[in-house]
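Here is a short briefing on one protein chain.

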Amino acid sequence: MMQLREEEQRCHPELLHATLRLKRGEYRSRATLFGLPLVHWRSFGKVAGRPGEKVQPAIGWIACGERAYGILYASGGIAVGGISTGALSIGLLSFGGLSIGLLGFRGFAIGVLALGGGAIGWVASGGMALGWHAAMGGMVAAHELAYGGAALGNHVNDSVAREFFLRHRWLDFRQAGPRNLFWDSLFRADVCPDDDWDVVAT
C-alpha cells in the first residue's frame, strides 16, 4: 500500500494532496507506570501517512492503534498484549481474526484452549478443530478425545469423549449459550473508535 501511495503521489500529486494534509491523531496519557503510559492511542484507517512513512505503534499498558502493544490490553490491526483483540491478536487471552494465546477465540484460533471457526490447541472446539488432548466440532482430530461429525482420535464419539464434553459444556457450540456468545463476538467492533483527534497529550 505504501508503494502504491508513493507511485500515485508521484504521478498525480494533486489528487493526494488533500489526503496527505489530514492530521494524525494520537492520545498519550500523562500518567505512566514503569515508563509506559497508562493509555496510548494512535489513529489508523482513514488517516493517511506521508509516502514511505512507516506506521508507528501504540505502546502502553492499554494500547490501541494499527499496531498496538499493550501490557494489559491491546487492540488494533496487529495487537499484542495480555488481553488482545484485532485482526491478528497475540496474548494470554486473544480474540480476533487470527488469535494466538493461552485462550484463542474467534476466526482462526491457536492456543492451549482454542475456540473458533478453525481451532488448533491442547483442547480445541470449532468448525474444524485439531486438539492434542480433545477436539469437538464439525471436522475434528485429536490424540485422545474426538467428538464431532467427522472425527479421528483414540476415543471417537464414545462415552469417554462424550463425558469429557458434558463436563465442559461451554466448549460445545451446539449449546445455545456458547454458540450465541461466539456469534455475538464475531460481529462486535474490535478496535478503538477512530475519531479525528489531533491532540497529543504529554
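Which residue in E5 stands opposite tryptophan 41? Cysteine 64 does. The model is a predicted one.

**Strand pairing**
- Strand E4 covers residues 39–42. E4 runs parallel to E5, and 3 bridges join the two.
- Strand E5 spans residues 58–142.
- Strand E6, residues 145–152, also pairs with E5. The pairing is parallel and takes in 7 bridges.
- Alanine 135 has a bridge partner in E6, alanine 146.

**Nonpolar cores**
- The largest nonpolar core has 12 residues.
- E5 gives the most, with 6 residues.
- Another core lies apart from the largest one and has 10 residues. Among them are Ala124, Ala135, Ala142 and Ala146.
- In soluble globular proteins, nonpolar side chains tend to be buried together.

**Surface**
- Seen from outside, a nonpolar patch is formed by Ile83, Leu92, Leu93, Leu102, Val112, Trp122 and Trp132.
- Together these residues have about 700 Å² of accessible area.
- Where does leucine 102 sit? Its place is in strand E5.

Definitions and conventions. Residues numbered from 1 in each chain as written. Predicted model: local features only at pLDDT ≥ 70, side-chain atom pairs only at ≥ 80, totals over all residues. Heavy atoms only, no water. Patch = residues over 30% accessible without salt bridge, like charges linked within 9 Å, V, L, I, M, F, W, Y side chains within 5 Å. Areas by Shrake-Rupley, 256 points an atom, 1.4 Å probe, with all protein chains shown as cover. Salt bridge = Lys/Arg side-chain N within 4 Å of Asp/Glu carboxyl O. Helix = DSSP H or I, 4+ residues; strand = E, 2+ residues; numbered from the N terminus. Pairing = 2+ DSSP bridges. Core = buried A, V, L, I, M, F, W, Y, C linked by side-chain atoms within 4.5 Å. Buried < 20%, exposed > 50% of the residue type's maximum accessible area, 1.4 Å probe, protein only.
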